[in-house]
Amino acid sequence: MFPLPSSLQGTLVFTMLSYLLSRSFCQVVAEVNRSSYTTFGSVLRAFTTSSPTFGDASENASVVTYSQLKTMLSSGNIQLFDVRNPDEYQAGRISDSVNIPLGNLEESLKLSLEQFQQTFDIRPPGKDDDNIVFHCNSGSRSSKALDIARRLGFSRSRHYKGGYSEWAELEGN
């Protein structure tokens, strides 16, 4: 070997240690990723396969099924809000639903009781009401509506995940 200046020795030692440590770190991270974290495939499987244990109790408590919706509608014990666009609502709707497009929902739920009554010609929902149900066409927008309502304090609100598409299919419309 040939002698190196001390400043170069320090740099060389630092570079070699950095390389070894970063390589070891990368190997550790790769191993942890392989064993600890969900992969894209497992996430995809969770969303594309049905499983009775998927989701937690709070998610299931937030969802209204077709039969539950039918029961609520027949008893009259429901405040059903259709968060689709007005043209979708006009093309077909669940009876007794009130159209509040998703883009207007937050500001509508923030209206005073009098303003809400005047705007929608119905009794305004109360924050403790357990019969508030949102629906859209397939469950995506109603899930967002549920998030908005919960954030505003409507903690017992729910959504009809099947949406109007399921309703129309099961009702024969």
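I started with Lys110, which is exposed at a relative accessible area of 55%. The model I am reading is predicted.

I then looked up the partner of Lys110. Glu106 forms a salt bridge with Lys110, and their closest N and O atoms are 3.2 Å apart. Glu106 is partly exposed, its relative accessible area being 27%.

Next I turned to Arg123. I found that Arg123 pairs with Asp129 in a salt bridge, with 3.6 Å between the closest N and O atoms. Is Asp129 buried or exposed? I noted Asp129 as buried, because its relative accessible area is 19% and the cut-off for buried is under 20%.

My next entry concerns Asp130. Arg156 forms a salt bridge with Asp130, the closest N and O atoms lying 3.4 Å apart. Where do Arg156 and Asp130 lie? I located Arg156 in the loop between α8 (140-151) and β5 (158-160), and Asp130 in the loop between α7 (113-120) and β4 (132-135). The pair therefore ties together parts that are 26 residues apart in sequence. I also checked accessibility for both: Arg156 is partly exposed at 43%, and Asp130 is partly exposed at 37%.

Last, I wrote down the total. How many salt bridges does the count come to? I recorded seven salt bridges, among them Glu106 with Lys110, Arg123 with Asp129 and Arg156 with Asp130.

Methods: Residues numbered from 1 in each chain as written. Predicted model: local features only at pLDDT ≥ 70, side-chain atom pairs only at ≥ 80, totals over all residues. Heavy atoms only, no water. Salt bridge = Lys/Arg side-chain N within 4 Å of Asp/Glu carboxyl O. Buried < 20%, exposed > 50% of the residue type's maximum accessible area, 1.4 Å probe, protein only. Helix = DSSP H or I, 4+ residues; strand = E, 2+ residues; numbered from the N terminus.
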